[in-house]
Amino acid sequence: MMTDPLDSILSNVSDITGVRLHELMSSRKEQGIVDAKQIYVYLAVETTSKSYIEIAKAISKDHTTVMHAYKKAKYKVDVDMKWLTKLRRTIKQMGLPLIV
């Protein structure tokens with residue numbers, strides 16, 4: 001049986017960022033948790049063919065929340081070097097091709 005790519009992304013983002021899975025699914029707004037959630041959403045949208053609804057369901061959120069997180073993440077790619085560094089480190093440690 002194949003592993004769900006969203007589960008794999010969630011697990012890797014949790015391991016690499018140090019944010020626990022239950023925190024990724026929480027409504028907590030601490031910056032480190034928000035960054036990890038946005039990294040998960042960005043990678044889920046960019047590297048899978050999953051819908052916003054499926055991506056949201058994996059973290060117990062509404063699809064509009066995921067759409068907003070993706071919009072913020074795309075913006076941060078261009079303006080937030082600290083966040084971009086976290087994203088690139090996550091991508092590298094997951095063994096994915098560098099997409100940003």
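Visitor: Why is R20 called exposed?
Guide: Exposed means over 50% relative accessible area, buried under 20%, and partly exposed in between, with a 1.4 Å probe and protein chains only. R20 has a relative accessible area of 53%, so R20 counts as exposed. R20 sits in the loop between helix 1 and helix 2. A word on the source: this is a predicted model, where local features need pLDDT of at least 70, side-chain atom pairs count only at pLDDT 80 or more, and totals for chains, interfaces and linings use all residues. Residues are numbered from 1 along each chain as its sequence is written, and side-chain values use heavy atoms, leaving out hydrogens and water.

Visitor: What makes the buried residues of helix 1 line one face?
Guide: The residues in question are L6, I9, L10, V13 and S14. Seen down the axis of helix 1, they fall within an arc of 130°, so they line one face of the helix. The arc is taken from the directions from the helix axis to the C-beta atoms.

Visitor: What covers those buried residues of helix 1?
Guide: The cover includes helix 2 (21–24), helix 3, helix 4 (52–58) and helix 6 (81–94), with contact meaning heavy atoms within 4.5 Å.

Visitor: How do helix 1 and helix 3 cross?
Guide: The axes of helix 1 (residues 5–17) and helix 3 (residues 31–47) come within 10 Å and cross at roughly 145°. Those angles run from 0 to 180 degrees between N-to-C directions.

Terms used:
Helix = DSSP H or I, 4+ residues; strand = E, 2+ residues; numbered from the N terminus.
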